[in-house]
Amino acid sequence: MITNSLEIQNEMLLKAICNLAENSKKGYVIFDATNNYNIVACNNYFCILTNMEHSQIINQDYFELLFQEEQVATLEMIKQKIHSGVMVQAKLYHDRLEKSAFWAEVQALPFQNATNTTTYVLAFVENVTYYHIEDFLIRLEKEMYEAIEKDSPFYTKLKAICNGLDEFFAPNIVSTILIELEEDQLRVFTGDNCYTDISKSCAKTAFYEKVFNEENVIQVNCWDELDIPLEHKLFAQVAQSKTGWFIPIHNQQQQTIGFFSIYCTEQMDNPNLFEKVFRKIGDLVALAIVYEKTQQKIWNLAYLDTPTGLPNRYSLFEQIDSLYGQGDVKIVLPSEFHQIVELYGRSVGDDLLKQIAQRLQENEGEHNEYIARFTSSALIILTMTTDKNLTNYDRRIRHIVRQPFILAGKQVYITIKTGVAYYNEEISVKDAIRFADNAVSSAVKKPGTHVEIFTQQRNDMLEEQMMVLNYLSEALENKEISVNLQPKVHLQTGEIHSIEALARWVSPKLGFVSPAMFIPVAESAGKVRDIDNQILEKVLEWLAERQRLGKKLMKVAINISPTHFYHEGFVEDTLAMIHKYNIDPSYIIVEVTESVGLVDFQTAFAIIQKLTEQGITTSVDDFGTGFSSLSYLQRLPFSELKIDRSFLNTIDDAATLAIVRSIVQLALNLEMTSVAEGIENEEQVEILRALGCKVGQGYFYYKPMMPEQLNEILDMQEASLN
């Protein structure tokens, strides 16, 4: 019977883990820690990552996919931690079938049974090779721009590129760059890791001429037969090069201005990645050449968006100064831009904007248009016209998206959102740009290709926000922000467990202002810290008064915004205020959203650690609505985990129930108190009790109330106990 019970528990646990894992957008595997780490479940994305069929993965020892000589110690550490019930995260070289391995970030979350034995482990796997490359390219780009800013010599810039390439691909390559600066003559640049001295210039041989005329990469396996200088052949021999890669470097006009000559010590197992890196770095080389030839061209580039060749914001603002009369501003945003960037890279996103601009220019309307890049993901169109009929534009946009865009060699269909605003003698072009930007924000919420026109109604909403902002400053100065208190109760007994403090504002001029209105306004205006502090002070005044009267004190949770949380001196200022009112810090709970850990994990950890050391409890609010929660939750010493009210609204749904069950179990495993928000009926209470949730709050128990009302309730409860 005991064996059957354990089997049933394990089956239920595995089902809950699967339900939890399915909410992630990452690849994952679940393996049995009690049975040779055999994989028992995985999702399709993991199959794609490993280039394996589902049937090839199941029942395989997961650690065999991670085995590399250099990783043995790390793998042993991971095994030790998961058997201890500790979440672990590591970057590992991950195998895949018939393809080169990739760098993966593995997050392993162990689940234990009632006997504290780790049974199953949920491992999220993410391919981070792209980020390694992007970090390298960003660093190299930064070095190049610093060199340009310092006006470093041309050879210093190209040496830095060669050094960066040699370091990134070490020990597999030695890189050189050959640039045509004079007719039939090439200048040769190398890094510091060059095996032997090589002349700084050479003749443009027939083979090198072929490289200049070839659009694609040329790969060679034999140096002896090439028509290249003897010195370069000897260089390949000294470098023990097995293969050579010759990668053209193009300028903005797609003219070949030079090429990379790469001496490879072994066959590159990922030629596409290899070529992609050099293609991107070729843009840096082209930039250095342009700078070297003429400062004037650099000045011109300052007015062009290099990736797309479109005018940039600087050019846009100069164009604005020349506009007069009436016209419209359109901000054009491809809805799928961010997904495309995530799938194929930022350069493909740039290409998408370029193709959209080209199609718009090919289908230009009756009026001359000025098209520029507005942001990383949007274009802007300025048109001088008195015609406010957008039928023709709507037709053009729908025609543009009817055919697929060719991105990264694939056909991709997109939708486009457009925000439109008009300028005239009363509305400036700059104001129209702001209005169009606001309109496109509304357009993104609509399905399909959509054109949204900025209206007076939207302007009124902006004015309302501005009015709230203006009165908010006065309200903070006059301390008009009040506090309502909502008890949190023990679900088993119904007794008050703790309290949450909620900001309320009744303005003498505006009346009641919803927190949904004034909190976002305060955040955008940098005033939310003042609200947090006023609420904390009012809570401390209430606690101090109860303490003075000899009444029982309760823990009170204060919502702290991320900007306030990371503000310099947050911990010290909070403690100073607590000590000012002579309140034990243990009666204060600092409540933050789960996204706080994504901003700066190390700083967040240090802040929470300081609060904990002083006796202040910390709580994660709205858990389950953010991103990457599992990756840092175990590492941040929170004491309380609040389940977002959105889950309780549909808790009768099987999928939602499984998620809530998993969150409650997660809190239990991490020794946190689980708190359910938004309880509205007895049925929800019974379900939460059955799941093991400890604490809850909501209208079913208590609505938010004035401190005086809560005093009466607490006094009555205390009197009944006595």
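This is a predicted model: local features need pLDDT of at least 70, side-chain atom pairs count only at pLDDT 80 or more; totals for chains, interfaces and linings use all residues.
I take buried to mean under 20% relative accessible area, exposed over 50%, and partly exposed in between, with a 1.4 Å probe and protein chains only.

Residues are numbered from 1 along each chain as its sequence is written, and side-chain values use heavy atoms, with hydrogens and water left out.

Entry 1, Ser-674. I located Ser-674 in strand β28 (residues 673–676); strands are DSSP runs of E of at least two residues, and helices are runs of H or I of at least four, numbered from the N terminus. Ser-674 is buried, at a relative accessible area of 3%. I listed its contacts (heavy atoms within 4.5 Å). Leaving out residues up to four places away in sequence, Ser-674 touches Leu-641, Val-664, Ala-667, Gly-692, Cys-693, Lys-694 and Val-695. The Ser-674 side chain also reaches the backbone nitrogen of Lys-694 at 3.4 Å.

I found helix α25 (residues 654–669) packed against helix α26 (residues 682–691) at about 45°, with axes 10 Å apart. Axes are lines fitted to C-alpha atoms over the stretch in contact, and angles run from 0 to 180 degrees between N-to-C directions. α25 is therefore oblique to α26; angles under 35 degrees count as roughly parallel, over 145 as roughly antiparallel, 65 to 115 as roughly perpendicular and the rest as oblique. From α25, Leu-657, Val-660, Arg-661 and Val-664 make the contact with Ile-687, Leu-688 and Leu-691 of α26.

The axes of helix α6 (residues 154–168) and helix α9 (residues 271–293) come within 10 Å and cross at roughly 170°. I therefore recorded α6 and α9 as roughly antiparallel.

Technical notes. A polar contact is a pair of N or O atoms within 3.5 Å; within protein, one must be able to donate a hydrogen and the other to accept it, and residues adjacent in sequence count only if both atoms are side-chain atoms.
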